[in-house]
Amino acid sequence: MSTSIHYQISFEQTNAHLFNITLDIPVHSPKSLKISLPSWIPGSYMVRDFAKNIVNIAAFQQQKPIELTALDKQSWQLNTQGKASQIQYQVYAFDTSVRTAYLDNTRGFFNGTSVFLQVEGFEESKQLVSLIKPDLDWKVATGLKRSSATPKYHFGEYYADNYAELIDCPVEITDFTAVEFEVAGTPHHLILSGKQYADLARVKQDLTKLCQHHIDLFEKETGGKPPFSEYWFLTNILPSGFGGLEHKNSTALLCSTFDFPNINKPDELSEGYKTFLSLVSHEYFHNWNVCRIKPEEFVPYRLNRESYTKQLWAFEGITSYYDDLSLFRTGIISFEDYLKLKSQTISRVNRGKGQLKQNLIESSFYTWTKFYQQGPDAVNNIVSYYTKGSLLALWLDLTVRKATNATKSLDDVMRALWADFVDKGADYKGTQLDTIINIVNSLILSGTTASDAHSTHIRETFYQLLNNKAPIPLAELLADFGVELKQVPSKAASLLETSSDAHSPYLGFMFKESKLGIEVMQVLEDSPAEKAGISVQDNIIAIDNIVVSKANFANVVNNLALNHDYTVSYIRNGELFNSVIQLSDAVNELSQMTVIDAEKAKSWQAIV
Ligand SMILES: [Zn+2]
C-alpha cells in the first residue's frame, strides 16, 4: 500500500493559461480529509490567496464523483471513508512574477504554493510529481528530486520528501538555455528563459565567484560545502522586469534582457549587470539566512494566514548588506563603486519622512499590509526593512570590527547563527529578537579586552537603533574606518542623482514620462510640490506657462528663480488646475561616502 501522494500536471491548455492537475490520495485511516492551498509563499510576505486561481475542482473514487465540501476560500473537506481518492482541478496561471505561476505557448512556470493542494495528514509523506510532456519542444528545470528514470531537464517523475520541500521547489518549463558550473564541488545551473544576448562565459565566472564567497563565509568552519547537493537559478528574462524569490536549493529570478553583460563590450560593467549580480548574490545568501536560519515565527511556516515577525530587518537587511558587499569582496566592483551603492541606500532611507514614523520592528511586523501593499504615501510614511535593515547591518559590522580590533566581523555573527542551526538539527527553533545582539556581545567579550560596560553600551545602542524612529547615525563610525559621509544636493529633475551645480532648485517630487507632460509618482512631505497642492498621479503640463515634458523638465526648472511665485498647471481626474509653486534651494538630501584614509578603510574591507 502506497503512503505517498501523487500529483500529475499537464500543460496542453497554454492558450487558456490553465494547468490540468490530478491528485491521487492513497488509502488512509481518517474517514475524511481536509485539503487546502497556502495563502502566501515563504519569502514574500503578503496574503495572495492562491486558491482563487483554482478552477473546476472535483473529487472521485474509482472514477465516480464524491462530495467535496468547501470550508473557506482555500480549503475543502473530502469525505473519503478512508478509501483511495482522486481530486481533479485546473489552475489559472498568467502572472510573470516569481511568486505564482505562468503558462502560455512560450513558457510554463509554477511555484508549488500555486498548484499543489496540501492533504492533511500527508504533509510528511513522500510527494510524487509527474510532469507530462506537452507537444512542444520544452525542457524542465527544478530543484525537485528526479526519479532514477528521469534524466536531467526531462519531463517525467519528480518527488519531494514532504510537502514543505514540494512547495519550496519552483519549476521552469520552456526551451531555455542552461549554463552549468560547479562551485565547491556542487553542480549549479543557470537557467535562462527569454531573450538575451549575454556573454555567458562572463556571467558564469562572476556567479561562481559570488557563490564561492557565500560558501566560504558560512562554511569556513563546517567543511566548505553548501547545504544542498545541487542548485538552480531559474531566470525569466523579459524586456523589462525585476524580482527574486529564495528557496532552499533554487531561486526564481526575473530580470531584463539588457541586465546581462554585452558580449561586444567585455570591459563594460553596466548598472543593469551590477543589479543582476546583486540580485543573484542576495538570493544565494538567503540559502543560509532565512531559508535555513529563520525567525522563530517561521519554524515551521504557517501558510494559511499572516505570520508576524519583528525580525525581517535581520533576514532581509543583513542579506541586503552582503549582496552589494560581496560584489566588492569578489573583485567585481571597486570599493569606490561599493560606497556609491551604499550611499544610494542611505539616500533612499533618508529621502522621505518614513523613518521618523516607523521603526525597524514595526516595519518588519506590518510588512503584510504596509511594505507589500505600498500606497503612494509610502515614501513619507513607512521605512523599508531592506534598506534601513542593511544600514543596521553596516552598523553591526563596523561596531564588531571596532570593538574587536578588526579581528571579528558580522561574518562571525552569521557563522554563529549557522553553527546554531547545524548543531540543533531537527530541534532548531529559530532566532529571537535578541539572538543577534547576544552573539555580538559574546564575540566582543571573548578574545578582546572590551569591558562589560562597553558591551552593555553596544547592546543598548543596538536596541535604540531598532526601536527609534530616527536615522541610524553612521558618520562617526564610518570616519573610524577612513570613510567620510556627507550630504550633497540632488538634481531638480532626479531626486536620486547628485548635482554639482551651484543652482540646484528643489521641488520634492518624483515623476515619469507621460503622454501629456509628466506624471507625478511621489510627493515628499513638506516639499514645495506638496505646498503647491501637487499629488501623486497628477499630470503636470506646464510651469510658468511653458509646456513641460520629461525631456525639457530639468532645463525649465533650472532657469527659474528660487523663492518666486510661478504658475504650475496640472490635470487631475480629467480636470485642469492651476496653482502657485515656489522652488526652494536644494536641501542637502543625498548621501555621499568617500575614502579619506585608505589605510583605515582596510579594516572594513578585510575578510577576517
Ligand atoms: Zn531577500
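Start by selecting strands S9 and S10 (residues 107-110): they run antiparallel and are joined by 3 bridges. Strands here are DSSP runs of type E with at least two residues, and helices are runs of H or I with at least four, both numbered from the N terminus. Zoom in on Leu103 and you will find its bridge partner in S10, Gly108. As a reminder, strands of a sheet pair through backbone hydrogen bonds, either parallel or antiparallel.

Before moving on, two notes on reading the model. Residue numbers count from 1 along each chain as its sequence is written. This is a predicted model, in which local features need pLDDT of at least 70 and side-chain atom pairs count only at pLDDT 80 or more, while totals for chains, interfaces and linings use all residues.

Now widen the selection to the whole sheet. It is open, with 4 strands in the order S9-S10-S16-S13 and antiparallel pairing; two strands count as paired if DSSP finds at least two bridges between them. Which strands stand at the edges? They are S9 (101-103) and S13 (139-142), each with a single partner strand, so one side of each has no neighbour in the sheet.

Then go inside. Of the 608 residues, 41% count as buried, meaning that 20 or more other C-beta atoms lie within 10 Å of the residue's own; 12 or fewer makes it exposed, anything in between partly exposed, with C-beta atoms placed from the backbone. The largest nonpolar core has 121 residues, and Phe19, Leu392 and Val413 have the most contacts inside it. Helix H10 (residues 387-403) gives the most to this core, with 9 residues. A nonpolar core is a set of buried Ala, Val, Leu, Ile, Met, Phe, Trp, Tyr and Cys residues joined through C-beta atoms within 7 Å. Select Val413: leaving out residues up to four places away in sequence, Val413 touches Leu396, Val400, Ile436, Ile439, Val440 and Leu443, a contact being two backbone-placed C-beta atoms within 7 Å. A second, separate core of 25 residues includes Ala492, Val548, Val557 and Tyr570.

Finish with some backbone details. Most residues other than glycine have a negative phi, and most peptide bonds are trans.

- Val299 and Pro300: a cis peptide bond joins them, with omega about -10°. Pro300 sits in the loop between helix H4 (271-285) and helix H5 (312-315).
- Asp49: phi is positive, about 50°, although Asp49 is not a glycine. Look for Asp49 in the loop between strand S3 (32-36) and strand S4 (54-61).
- Asn573: phi is again positive, about 50°, in the loop between strand S27 (566-572) and strand S28 (575-581). Asn573 counts as exposed, with 7 C-beta neighbours inside 10 Å.
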